[in-house]
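Visitor: I would like to go through this model and ask what stands behind each label.

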Amino acid sequence: MDARLIPLNAFIALASPAGTSWPNPLHGAGYRLEALELPLDTAEGRVVADAVAFSPVMNRFLVVETKSGRNVRPDQAQRYGQVDAHQLVRHTGVTVARDDEITVKPLYVCLADNVDRILTGLHVAGCAYPVLAVSDDQITLHGEGSSPQDIADIFSSPVPTTGWAPTIIRVDEQSEAGEFDMIASQALVAAVNLGATVPISVVDLAGRAVPHLNFYGTRYRNSLIKKIEQALERLCADSPANFHFRGRTASRDYSLVEIVDSPERADPRGRTQRYQAIRRHSRGQAPSEPSSPSQMALFDSVDLGTELEEPEDSGSDVAPGGHEEGEA
């Protein structure tokens, strides 16, 4: 897994239903993932939350900044503390029992090696936020004094883990084209393997390739769809005997992939070879195995593992993906 995505995958797994041996105590406490890469406006400007979770029991939102690097941007951290609860309700559509008692708590999730730098950065910014530090063997809570009681209780002692978090999210806006090629080809081959014969919407294939696609904010979601679209166009160009790419038209605001000759229609003796040929045409690399041999990746393919909006104002203080520019 790309180190940039470890903290994000860790938080998603902590708030996800059981499915692997990795712990999910936030889900057990009633928190549910509601959004990814969600832009939120504050009095001091916009901040993009890497993840948002909500607990109907506590009537509380967690707005999450995931950090693979060591630096904290003071202005970004301060804006997290200004996020309005009612704006979050409008964006996520959650049902709240007590509209006047909703609370919002910023939470930072980082790699354990960087936790001291993150805590120092938050102190300099004047932000007393709880921080979850993730390693390959445990999760620890820091800044306990600023934590809501339920979070402090959940992480009152280190939570042991079985290796790194499962690979739920494999790509973001900063990922190389080859990584999109791989997940796009997996999605297409899986659709064909399941018997698809009619042209398939690129949007549908993107939903298969990118877990939680509909959780992303509109601009970010459309950016991922565009990258999947470009990957599928490359794949079709490299495998013209099997697939044909049909771009958007005046009456259709999404692209299609037409199945020209499915490997499923091949003689059984040649079926495997034809799938292998398609995979060779893919420019991506096979996804790496989970860090722990016993740890399965969530939402893997069973078989192989709207008009796009213009980007928001490039003057935003948040780099693509909600990460600081230059972070490792």
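Guide: This is a predicted model. Start with K227, which touches E173 and F180 once neighbours within four places in sequence are left aside. K227 lies in helix 9.

Visitor: What makes K227 and F180 a contact over a distance in sequence?
Guide: They are 47 residues apart in sequence. Their C-alpha atoms are 6.8 Å apart in space. Contact means heavy atoms within 4.5 Å, and K227 is in contact with F180.

Visitor: Why is K227 called partly exposed?
Guide: Its relative accessibility is 23%. Buried means under 20% and exposed means over 50%. The value of 23% falls in between, so K227 counts as partly exposed.

Visitor: And why does N59 count as buried?
Guide: N59 has 0% relative accessibility. The cut-off for buried is under 20%, so N59 counts as buried. N59 sits in the loop between strand 2 (45-55) and strand 3 (60-67).

Visitor: Which residues does N59 touch?
Guide: Not counting residues up to four places away in sequence, they are F54, V96, A97, R98, E101, I102 and T103.

Visitor: Is E37 buried or exposed?
Guide: Its relative accessible area is 5%. Buried means under 20%, so E37 is buried.

Visitor: Where is H212, and what is its phi?
Guide: H212 is in the loop between helix 8 (202-209) and helix 9 (218-238). Its phi is near 60 degrees, a positive value in a residue other than glycine.

Visitor: Why is helix 7 called roughly perpendicular to helix 8?
Guide: Helix 7 (residues 177-193) and helix 8 pack at an angle of about 110 degrees. Angles of 65 to 115 degrees count as roughly perpendicular, so helix 7 gets that label against helix 8. Their axes are 8 Å apart.

Visitor: Which residues meet there?
Guide: From helix 7 come I183, A184, A187, L188, A190 and A191. From helix 8 come L205, R208 and A209. The residues of this contact divide into 8 nonpolar, no polar and 1 charged. Arg counts as charged, and R208 is in the contact.

Visitor: What makes a set of residues a nonpolar core?
Guide: The members are buried nonpolar residues joined through side-chain atoms within 4.5 Å. The largest nonpolar core here has 59 residues. Those with the most contacts inside it are F11, L26, F155, L188, I228 and V257. Helix 9 gives the largest share of this core, 8 residues. A second, separate core of 29 residues includes V47, V72, V89 and I118.

Visitor: What does L26 touch?
Guide: Leaving aside neighbours within four places in sequence, L26 is in contact with F11, L14, A15, Y31, I151, I154 and F155.

Visitor: Why are strand 1 and strand 7 called edges?
Guide: 7 strands form an open sheet in the order 1-2-3-4-5-6-7, with mixed pairing. Strand 1 and strand 7 (159-160) each have a single partner strand, so one side of each is left without a neighbour in the sheet.

Visitor: How do you know that strand 4 and strand 5 pair?
Guide: Two strands pair if there are at least two bridges between them. Strand 4 (residues 103-111) and strand 5 have 4 bridges, in the parallel sense. L111 has V134 in strand 5 as its bridge partner.

Visitor: And what joins strand 6 to strand 7?
Guide: 2 bridges join strand 6 (residues 138-142) to strand 7, and the two run antiparallel. Q138 stands opposite P160 in strand 7.

Visitor: Which way do the residues of strand 5 point?
Guide: V131 and A133 point one way from strand 5 (residues 131-134), L132 and V134 the other way. All are buried.

Visitor: What makes strand 8 and strand 9 edges?
Guide: 3 strands form an open antiparallel sheet in the order 8-10-9. Strand 8 (200-201) and strand 9 (243-246) each have a single partner strand, so one side of each is left without a neighbour in the sheet. Helix 9 packs on this sheet, touching strand 9 and strand 10.

Technical notes
Residues numbered from 1 in each chain as written. Predicted model: local features only at pLDDT ≥ 70, side-chain atom pairs only at ≥ 80, totals over all residues. Heavy atoms only, no water. Buried < 20%, exposed > 50% of the residue type's maximum accessible area, 1.4 Å probe, protein only. Axes fitted to C-alpha atoms, helices over the stretch in contact; angles between N-to-C directions. Parallel < 35°, antiparallel > 145°, perpendicular 65-115°, else oblique.
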